[in-house]
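This briefing covers one protein chain.

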Amino acid sequence: MSRPFPASPADRSARARPGASAAAARPNEARKSAARERLILLTRLLDSAVHVPVLRTRVGLDALLGLVPVVGDLVSGALGLYLVFEARQLGASRWLQARMIGNLLMDTAVGAVPVAGDLFDIYFKAHVRNLKLLQASLGEPYIDGGSGRTADARADVIDVDVEVV
């Protein structure tokens, strides 16, 4: 029995090299790992780059961009859309992408209001919310946007601090 269509180049190369599919999976995993690292790095930069003791929170580039009327919030929203694009590449569902875009729209719309929007930008942290949603969807532990630790490790540090005091 003959095949109606000739074998594709991928089929021929897979037959020629028995471990080809496993080798092809490694670069894909490396690409996904690099995308995850970019997401975490950009999220930290945008939402929690610097600790501000007076506000008792971390502030990122998003809050600073929010000080520039309209344009700053649009730039922050565009950077957030890049994060959604990366999430899509990692396999985020359409529903998750819609939730992430909803967070960005709220951040951009409320952030455009002159003074209240700047305060909202400091505390809402849409990019951290989106990273949490994505990592929960992918079944990965949440990596804290500020410290780089998993949420469980951060809780252990808090327990130690309480015991010492």
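Helices are DSSP runs of H or I with at least four residues, strands are runs of E with at least two, and both are numbered from the N terminus. On that basis the protein has 8 helices and 2 strands. The model is predicted.

**Overall make-up**
- Starting at the N terminus, the order of elements is α-α-β-β-α-α-α-α-α-α.
- Of the 165 residues in the protein, 32% are buried.
- The protein exposes about 10,500 Å², and 65% of this comes from carbon and sulfur atoms.
- Counting contacts between residues at least 6 apart in sequence, 52% link residues at least 24 apart.

**Confidence**
- The protein has a mean pLDDT of 79, with 72% of its residues at 70 or more.
- Confidence is highest in α5, with a mean of 95, and lowest in helix α8 (residues 151-164), with a mean of 38.
- The pLDDT is below 50 over residues 8-14, a stretch with 4 contacts in the model beyond near neighbours in sequence.
- Residues 147-165 also stay under 50 in pLDDT, and the model gives them 12 contacts beyond four places in sequence.

**Packing of α5 and α7**
- Helix α5 (residues 94-111) packs with helix α7 (residues 126-138) at an angle of about 170°, and their axes are 9 Å apart.
- Angles over 145 degrees count as roughly antiparallel, and α5 and α7 are therefore roughly antiparallel to each other.
- From α5, the residues in contact are Leu96, Arg99, Met100, Asn103, Leu104 and Asp107; from α7, they are Ala126, His127, Arg129, Asn130, Leu133, Leu134 and Ser137.
- This contact of α5 with α7 comprises 6 nonpolar, 4 polar and 3 charged residues.

Key. Residues numbered from 1 in each chain as written. Predicted model: local features only at pLDDT ≥ 70, side-chain atom pairs only at ≥ 80, totals over all residues. Heavy atoms only, no water. Axes fitted to C-alpha atoms, helices over the stretch in contact; angles between N-to-C directions. Parallel < 35°, antiparallel > 145°, perpendicular 65-115°, else oblique. Contact = heavy atoms within 4.5 Å. Nonpolar A, V, L, I, M, F, W, Y, C, P; charged D, E, K, R; others polar. pLDDT = per-residue confidence, 0-100. Buried < 20%, exposed > 50% of the residue type's maximum accessible area, 1.4 Å probe, protein only. Areas by Shrake-Rupley, 256 points an atom, 1.4 Å probe, with all protein chains shown as cover.
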